[in-house]
Amino acid sequence: MNTTHSRHRTAAAALAGALALLLAATGCSSKADGKGSSDSADGVRTGPGVTAKTIKLGALTDLTGPYATLGKSIVQAQQMWADETNAKGGICGRKVEIVVKDHGYDVQKAVTAYADIAPDVVALPQVIGSPVVAALLDDIDRDHMLTFPQAWAASLLGKDSVQVIGTTYDIDMISAVDFLTRTKGLKKGDTIGHVYFEGDYGANALEGSTWAAKKAGLKIEGQKIKATDTDLSAQVSALRKAGVKAILISAGPAQTASLVGVAASRGLRVPVVSNAPGFAPQLMKTPAAPALAAMLNIISSAPAVSSDLPGVRAMVASYKKKYPGSPVDSGVLSGYNAAELLGADLKKACASGGLTREDLVKAHRSQKNADTGLGTPQDFSDAGSPASREAYVLRPDAKADGGVVNAEDAHKAPGVDEYLSTRG
Amino acid sequence: MTSLLDDLLNGLALGAVYALVALGFVVIFKASGVINFAQGSLLLFGGYLTAVLHDDLGFAGALAVAVLATALLAGALDRLLLQRGEPDPRMAHVQTIVTIGVDIVLLTDLSRRIGGDLLSLGDPWGDSVVTLGSVTVADSRLAAIAVSAVAIAAVFALFRFTPWGLSLRAAAEDTEAAALMGVRLSRVRMLAWCLAGALAALAAVFLAAFPAPGLERTTGQIALKAFPAAILGGMASPPGALAGSLLIGLTEALVAGHQSDLHVLGEGFGDVAPYAVMVLVLLVRPTGLFGAKGAARV
């Protein structure tokens with residue numbers, strides 16, 4: 001009897017102890033969640049991530065997983081920006097610091113990493129991975145954490161603190177259809193194939209292509225695939241049977257290479273247009289390289305790294321100097337551009353007297369024409385609309401930095417405004 | 001008609017590649033009762049070795065080294081990790097779980113090394129194709145069909161005509177009796193694992209060759225499509241693995257080729273189709289196409 005009693009008592013004590021610990025833990029975290037702001041010595045309101053001496057930014061990146069190459073490029077480019085900014089005296093009299101967390105493209109790790117760094121940073125100039133962003137969307141919104149994801153699905157629009165930079169996938173596909181009808185001789189009644197990934201990326205791209213095709217009197221023949229599909233022979237057969245005059249692809253680099261390689265080998269030599277994530281410089285080292293050079297174009301809201309925009313040239317030159325041996329790819333440009341844009345937001349927030357997260361989001365949303373000289377100007381005033389409606393057309397070139405060169409300068413495809421207004 | 005022939009040929013070629021992987025599953029299962037979930041990462045290991053070595057050793061040399069190394073790795077896995085303590089067929093379930101762990105470890109390290117790269121294996125076929133009448137098929141796929149046929153015949157012959165095959169079949173029939181008859185179970189088993197490893201490295205070549213763009217970190221996952229193939233074939237029969245693989249390959253190619261006609265079933269049905277076929281076959285023949293009838297008398 002006695003022993004059972006004492007065992008009960010021990011259990012109760014343990015439970016009470018655990019509860020107390022839990023309370024203490026939540027008590028701590030409520031202190032750290034960043035609601036409270038204070039004025040620092042220079043009269044600037046500060047909140048989490050900002051002290052009198054430093055501004056801390058966070059990066060949730062992939063340095064060990066599938067996008068390790070991209071992640072490394074972005075991390076290095078943003079670090080270069082931070083070093084340059086600090087050499088010029090920092091922002092708002094404070095040094096900029098970037099806290100980098102690797103999640104290896106694992107959503108659970110990313111969520112933990114976010115919880116880990118969120119109390120200590122004011123914004124996230126880099127988050128890699130659509131599933132990661134989707135999982136963090138509510139947290140980011142609640143924390144008013146200004147975030148620039150490396151993902152371009154329209155489903156990410158509409159949150160005040162999340163900013164997709166440039167165009168969304170649907171807009172790019174509208175530009176792609178426009179490019180095909182304008183330069184590749186597609187006309188009313190023709191069929192276009194669209195090979196797309198399941199999930200947000202593919203669905204959003206298909207939405208754009210379907211709308212544009214209907215507008216132009218074309219028919220879309222859709223082929224849904226998965227990331228593990230790397231032999232697209234069957235898809236090419238189906239597209240050939242459907243008599244397509246051109247193919248759109250919204251998938252990964254491996255799928256683009258297989259699609260173009262197989263199509264070329266079977267005599268289906270039609271123009272192929274890809275979304276930006278469907279190309280990687282490594283493709284130009286595969287057996288499909290000649291076919292890619294002949295048939296592929298890429299629609300991107302960022303110019304080619306090899307473009308002759310003065311801003312891009314200068315950035316590429318200093319990147320090569322700072323990281324000799326590192327490949328200069330699109331991640332370098334998009335990472336640096338994101339950091340520049342965030343820098344502009346921070347300066348603006350500082351000028352209006354506050355560096356809390358709320359101040360930063362407000363400053364960001366007041367930017368109607370943010371131009372870093374690294375691509376198209378961005379309008380961040382409406383969280384529900386893409387920041388830009390203009391896209392570049394690129395084409396592969398094995399010899400160029402990043403494996404692509406500009407084929408057409410940035411422009412807005414006809415119909416984009418109408419599409420966005422009908423979509424609401 | 002042309003497109004149907006096209007799909008059939010695509011499907012056969014795809015099935016031939018799956019057959020190499022399915023054969024690995026079968027050999028291991030027959031010898032040890034373990035379903036090797038690490039087969040995909042062994043495949044990736046072999047492919048990765050071929051990819052990094054082919055510049056120095058040439059394709060044939062690199063492939064030979066990769067096949068040997070993967071065979072050794074698979075054998076070592078079995079000997080050092082799975083065969084701890086007394087051989088006991090009841091431990092097969094536990095060992096199957098262990099292979100999941102091995103798969104995670106191998107895959108994590110290889111993905112880290114491969115990253116976002118697409119590695120070329122330096123195979124001799126490139127992107128050349130053969131046109132037969134109105135249909136075209138890649139040279140690499142014809143090679144896959146030939147190599148699979150030879151590999152399956154060889155494994156079949158090994159099972160049937162060698163002392164090792166006899167021991168293996170005896171052990172599969174009744175482990176205890178075989179052990180009493182002097183069959184060295186652990187060595188028989190280890191050799192089977194080596195063979196499966198070698199087959200995985202060979203399969204990697206064809207999974208990465210044109211029409212696929214090269215070896216990437218997800219190539220190992222494709223190997224899992226050979227799973228339903230092996231189960232379909234009865235899990236313990238090499239000809240069954242071939243038949244199951246061809247059936248799965250054909251299903252996949254036909255469904256993907258007629259995706260637009262199958263909208264009723266929802267998009268992306270191609271991914272489900274192999275499993276649907278597997279379930280259908282198992283409903284009719286619960287032990288698979290070539291599975292041994294489990295005689296359980298009460």
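Is A:Asp120 buried, exposed or partly exposed, and how many C-beta neighbours lie inside 10 Å? I counted 14 C-beta neighbours inside 10 Å, so A:Asp120 goes down as partly exposed. The cut-offs I used: buried means 20 or more other C-beta atoms within 10 Å of the residue's own, exposed means 12 or fewer, and partly exposed is in between, with C-beta atoms placed from the backbone.

**Ground rules.** The model is predicted, and I kept local features only at pLDDT of at least 70 and side-chain atom pairs only at pLDDT 80 or more, while totals for chains, interfaces and linings use all residues. Residues are numbered from 1 along each chain as its sequence is written, and chains are lettered from A and ligands numbered from 1 in the order in which they are written.

**A:Asp120.** I placed A:Asp120 in the loop between helix H3 (107-117) and strand E5 (123-128) of chain A. Helices (H or I, at least four residues) and strands (E, at least two) are DSSP runs, numbered from the N terminus. Next I looked for partners beyond four places in sequence. A:Asp120 is in contact there with A:Pro48, A:Gly49, A:Lys56 and A:Val99. Contact means that the C-beta atoms of two residues, placed from the backbone, lie within 7 Å. I also checked A:Ile55. A:Ile55 and A:Asp120 are 65 residues apart in sequence, yet their C-alpha atoms are 9.5 Å apart.

**Chain A overall.** I found 13 helices and 13 strands in chain A. The C-alpha trace spans about 85 × 65 × 45 Å along its principal axes. Chain A has a radius of gyration of 24 Å; a compact globule of 424 residues would have one near 22 Å, so the two agree. That radius is taken over C-alpha atoms, and the globule rule is 2.2 Å times the number of residues to the power 0.38. Of the 424 residues of chain A, 55% count as buried. Among contacts in chain A with a separation of 6 or more, 70% join residues 24 or more positions apart.

**Domains of chain A.** The domain assignment gives domain 1 (45-167 + 306-388) and domain 2 (169-300 + 398-423). These bounds come from an automatic or database domain assignment. I put the C-alpha centres of the two domains of chain A 28 Å apart. Between them, 16 residues of domain 1 are in contact with 17 residues of domain 2. The domain 1 side has seven nonpolar, eight polar and one charged residues. For classes, Ala, Val, Leu, Ile, Met, Phe, Trp, Tyr, Cys and Pro count as nonpolar, Asp, Glu, Lys and Arg as charged, and the others, Gly among them, as polar.

**Chain B against chain A.** I found 35 residues of chain B in contact with 38 residues of chain A. Elements of chain B giving two or more residues to this side are helix H1 (2-32), helix H3 (92-114), strand E2 (135-138), helix H8 (219-222) and helix H10 (238-257). The chain B side divides into 10 nonpolar, 15 polar and 10 charged residues.

**Helix H4 of chain B and its partners.** What angle do H4 (residues 139-161) and H5 (residues 163-173) of chain B make? I get about 75°, with the axes 5 Å apart. Axes are lines fitted to C-alpha atoms, for helices over the stretch in contact, and angles run from 0 to 180 degrees between N-to-C directions. H4(B) and H5(B) are therefore roughly perpendicular. Angles under 35 degrees count as roughly parallel, over 145 as roughly antiparallel, 65 to 115 as roughly perpendicular and the rest as oblique. B:Leu158, B:Phe159, B:Arg160 and B:Phe161 of H4(B) make the contact with B:Trp164, B:Gly165, B:Leu168 and B:Arg169 of H5(B). I sorted these residues into five nonpolar, one polar and two charged.

H4(B) also meets H10(B): the axes come within 9 Å and cross at roughly 155°. This pair is therefore roughly antiparallel. B:Ile152, B:Val155, B:Phe156 and B:Phe159 of H4(B) touch B:Pro238, B:Pro239 and B:Leu242 of H10(B). The contact has seven nonpolar, no polar and no charged residues.

Most residues other than glycine have a negative phi, and most peptide bonds are trans. A:His144 has a positive phi near 50°. I found A:His144 in the loop between helix H4 (130-143) and strand E6 (146-150) of chain A. A:His144 is buried, with 22 other C-beta atoms within 10 Å.

B:Met235 has a positive phi of about 70°. B:Met235 sits in the loop between helix H9 (226-232) and H10 of chain B. B:Met235 is buried, with 22 other C-beta atoms within 10 Å.

Last, I noted a cis peptide bond from B:Phe210 to B:Pro211, with omega near 10°. B:Pro211 lies in the loop between helix H7 (185-208) and H8 of chain B.
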